[in-house]
Amino acid sequence: MIDPLTGVIAVGVVGAASAFAGDRALRRRKRAFQDRYGTYAGFRSQVDEDEIRAVRGARGDVAAVKVVRDRHPSASLAHANRYVKEL
């Protein structure tokens, strides 16, 4: 059996490692977005507005956000959602 202190330390180490990995992934995604589009305006200019409007009209906002993310994988969920809401 593991004593409580060892359990707390183990959970802390695993949590810290998870946070570090998640932070690295987030930084990598932000860097990829910056390299590809520069700014949100640059991203916006590269998205096929007619296609996204058609998907949103036929299947709704969630499906439109998914299509934006599928076509532009370096875009965050926040950017894709913002784009769809601004149409």
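## Reading a predicted model

Tutor: Gladly! Of the 87 residues in this protein chain, 23% count as buried. Keep in mind that the model is predicted.

Student: What is the secondary structure of the protein chain made of?

Tutor: There are five helices and zero strands. Read along the sequence, the pattern is α-α-α-α-α. The accessible surface comes to about 6100 Å², and 59% of that belongs to carbon and sulfur atoms.

Student: Let's take one residue. Why is I52 called buried?

Tutor: I52 has a relative accessible area of 1%. The cut-off for buried is under 20%, so I52 with its 1% counts as buried. I52 lies in helix α3.

Student: Which residues does I52 contact, leaving aside neighbours within four places in sequence?

Tutor: I52 is in contact with V47, A64, V67, V68, Y83, V84 and L87.

Student: What makes S74 buried, when S74 is found in a loop?

Tutor: S74 has a relative accessible area of 15%. Buried means under 20%, so S74 with 15% is buried. The loop in question runs between α4 and α5. Not counting residues up to four places away in sequence, S74 touches R29, A32, F33, R36 and Y37.

Student: And how do you know that A75 is buried?

Tutor: Use the cut-off again: A75 has a relative accessible area of 0%, and under 20% means buried, so A75 is buried. A75 lies in the loop between α4 and α5. Setting aside residues up to four places away in sequence, A75 touches R29, F33, F43 and R69. The C-alpha atoms of A75 and R36 are separated by 9.5 Å, although these residues are 39 apart along the chain.

Student: Which residues of α4 are buried, and what covers them?

Tutor: Helix α4 spans residues 61-71, and its buried residues are A63, A64, V65, V67 and V68. Their cover includes α2 (40-46), α3 (49-59) and α5 (77-86).

Student: What makes a group of residues a nonpolar core?

Tutor: The members must be buried, must belong to a set of residue types that includes Ala, Val, Ile, Phe and Tyr, and must be joined through side-chain atoms within 4.5 Å. The largest nonpolar core here has 17 residues, of which F43, I52, V68, Y83 and V84 touch the most other members. The elements giving two or more residues to this core are α1 (4-37), α2, α3, α4 and α5. The largest share, five residues, comes from α4. As for V68, leaving aside neighbours within four places in sequence, V68 is in contact with F43, I52, A80, Y83 and V84.

Student: How do α3 and α4 pack?

Tutor: Their axes are 7 Å apart, at an angle of about 145°, and α3 passes α4 in a right-handed crossing. On the α3 side, E51, I52, V55, R56 and R59 take part, meeting D61, A63, A64, V67, V68 and R71 in α4.

Student: How many residues of that contact are nonpolar, polar or charged?

Tutor: Six are nonpolar, none are polar and five are charged. Take two examples: Val counts as nonpolar and Arg as charged, so V55 and R56 from α3 fall into those two classes.

Technical notes:
Residues numbered from 1 in each chain as written. Predicted model: local features only at pLDDT ≥ 70, side-chain atom pairs only at ≥ 80, totals over all residues. Heavy atoms only, no water. Buried < 20%, exposed > 50% of the residue type's maximum accessible area, 1.4 Å probe, protein only. Helix = DSSP H or I, 4+ residues; strand = E, 2+ residues; numbered from the N terminus. Contact = heavy atoms within 4.5 Å. Axes fitted to C-alpha atoms, helices over the stretch in contact; angles between N-to-C directions. Left-handed = near helix turned anticlockwise from the far one by under 90°. Areas by Shrake-Rupley, 256 points an atom, 1.4 Å probe, with all protein chains shown as cover.
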